[in-house]
Amino acid sequence: TLMLQRLTSGASAAATVATATAEETETAETPAPTPPATALPTAATLISKLETLKAEWNARFVKGDHQAACDGYTYGLRELQGADRAAASEAEGARLRSLEVALRLNSATCSLRAGQPQEALALADAALTLAPDAPKAHYRRAQALDALGRGAEAEAAVRSVLAIEPASSEATLMLQRLTSGASAAATAATATAVETETAETPAPTPPAMALPTAATLISKLETLKAEWNARFVKGDHQAACDGYTYGLRELQGADRAAASEAEGARLRSLEVALRLNSATCSLRAGQPQEALALADAALTLAPDAPKAHYRRAQALDALGRGAEAEAAVRSVLAIEPASSEATLMLQRLLDRKGV
């Protein structure tokens, strides 16, 4: 209703995007505007959670599901920003730092794979700030510098590795290549093979290769989704949005063939919720085309979901496709006639047309 009033009053498509956040805290798959728990997670809780997740992400990386692993590392770094470090014991503080170093280095690997050596360098430098004597941090820095064409600095960085860990075969090989004049592209090309052995990953053949059961994945993602929604409501939008992206990646690994009918329905419901919340994130980021794709994907799973039609209307409106936005918002009202946000949006769209 609110959105329809704004739309029919002649407000611009940008107004839809600008108000998306306020609307989402009430209408997306989020809890009440004031979540019951606002305290930072304890260090022990966060450590236990992230160490478990990191093992899963590492296993994903080794199995070749690099994007899901890389999304996980990004999510883990966001979560670490919410750690209550002031209340952590000395031992907990050390474990938090160790986790951050590992996640930054694995994220640096992801950046190298994506052809973003400058970002990889920043991640390696941040890891070195926390752990100046970490050989892997110096090695990742050497890889990034090499990919940037800064050969002399790369050589100095790889010599730092060997000063700390003289037996490092990967550093020895890299130094030989650098001093023989081989190209920087060789480092980037071999980054994946190196990482599966030297990043914070398990053995190349992880003990468990089976997909997670539907029940396990549902329980995990429903718990995490509640956390992400609470983050969104509290204003930590980026952490929440990273979480939704991670959740969608995890759903791709669901063993749907073995799921019961009830489990299949819950998996679909989770995917719809995560796609619609991700669409909200895309609208906030000024990416209406991506928001439209997410809303359309949600509608494929749930054709009668009013929120999916509403998110589609928001995206179309932001793209300047008023007639289609009007049709989408009318679809909301056909399913949910009392929707105040859809009523307001329709009114604004009609006013813009001069109706």
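I take contact to mean heavy atoms within 4.5 Å. The model I am reading is predicted.

**Entry: Leu96**

I looked up Leu96 and placed it in helix H6, residues 90-113. Is Leu96 buried or exposed? Its relative accessible area is 0%, so I noted Leu96 as buried, the cut-off being under 20%. I then listed its contacts, leaving aside neighbours within four places in sequence. Leu96 touches Ala43, Leu46, Ile47, Leu80, Ala83, Arg85 and Ala88. I also checked Leu96 against Glu51, 45 residues away along the chain. Their C-alpha atoms are separated by 9.8 Å.

**Entry: aromatic pairs**

How many aromatic pairs does the structure hold? I found seven. I went to Trp57 and Tyr73. Their ring centres are 6.1 Å apart, with 90° between the planes, and the pair is edge-to-face. Trp57 sits in helix H4, residues 43-62, and Tyr73 in helix H5, residues 66-80. The two are 16 residues apart, and I logged the pair as a link between distant parts of the chain. Trp57 is buried at 1% relative accessible area. Tyr73 is buried too, with a relative accessibility of 1%.

Next I turned to Trp228 and Tyr244. The centres of these rings lie 6.1 Å apart and the planes stand at 90°, so I called this pair edge-to-face; the cut-off is over 60 degrees. Trp228 belongs to helix H13, residues 214-233, and Tyr244 to helix H14, residues 237-251. Trp228 has a relative accessibility of 0% and counts as buried. For Tyr244 I read 1%, which is buried.

Which residues do ring pairs link into a cluster? I wrote down Trp57, Tyr73, Tyr75, Trp228, Tyr244 and Tyr246.

**Entry: H13 against H15**

I followed H13 to helix H15, residues 261-284. The two axes come within 11 Å and cross at roughly 30°. Angles under 35 degrees count as roughly parallel, so I recorded H13 and H15 as roughly parallel to each other. Their crossing is left-handed.

Which residues make the contact? From H13 I listed ten names: Ala214, Ala215, Leu217, Ile218, Leu221, Glu222, Lys225, Trp228, Asn229 and Phe232. H15 contributes Glu263, Arg266, Leu267, Leu270, Ala273, Leu274, Asn277, Thr280 and Arg284. By class, I have eleven nonpolar, three polar and five charged residues in this contact.

Definitions and conventions. Residues are numbered from 1 along each chain as its sequence is written. This is a predicted model: local features need pLDDT of at least 70, side-chain atom pairs count only at pLDDT 80 or more; totals for chains, interfaces and linings use all residues. Side-chain values use heavy atoms; hydrogens and water are left out. Rings of Phe, Tyr and Trp (its six-membered ring) pair if their centres lie within 6.5 Å; planes under 30 degrees apart count as stacked, over 60 as edge-to-face and the rest as tilted. Helices (H or I, at least four residues) and strands (E, at least two) are DSSP runs, numbered from the N terminus. Buried means under 20% relative accessible area, exposed over 50%, partly exposed in between (1.4 Å probe, protein chains only). Axes are lines fitted to C-alpha atoms, for helices over the stretch in contact, and angles run from 0 to 180 degrees between N-to-C directions. Angles under 35 degrees count as roughly parallel, over 145 as roughly antiparallel, 65 to 115 as roughly perpendicular and the rest as oblique. A crossing is left-handed if the near helix is turned anticlockwise from the far one by less than a right angle, and right-handed if clockwise. Ala, Val, Leu, Ile, Met, Phe, Trp, Tyr, Cys and Pro count as nonpolar, Asp, Glu, Lys and Arg as charged, and the others, Gly among them, as polar.
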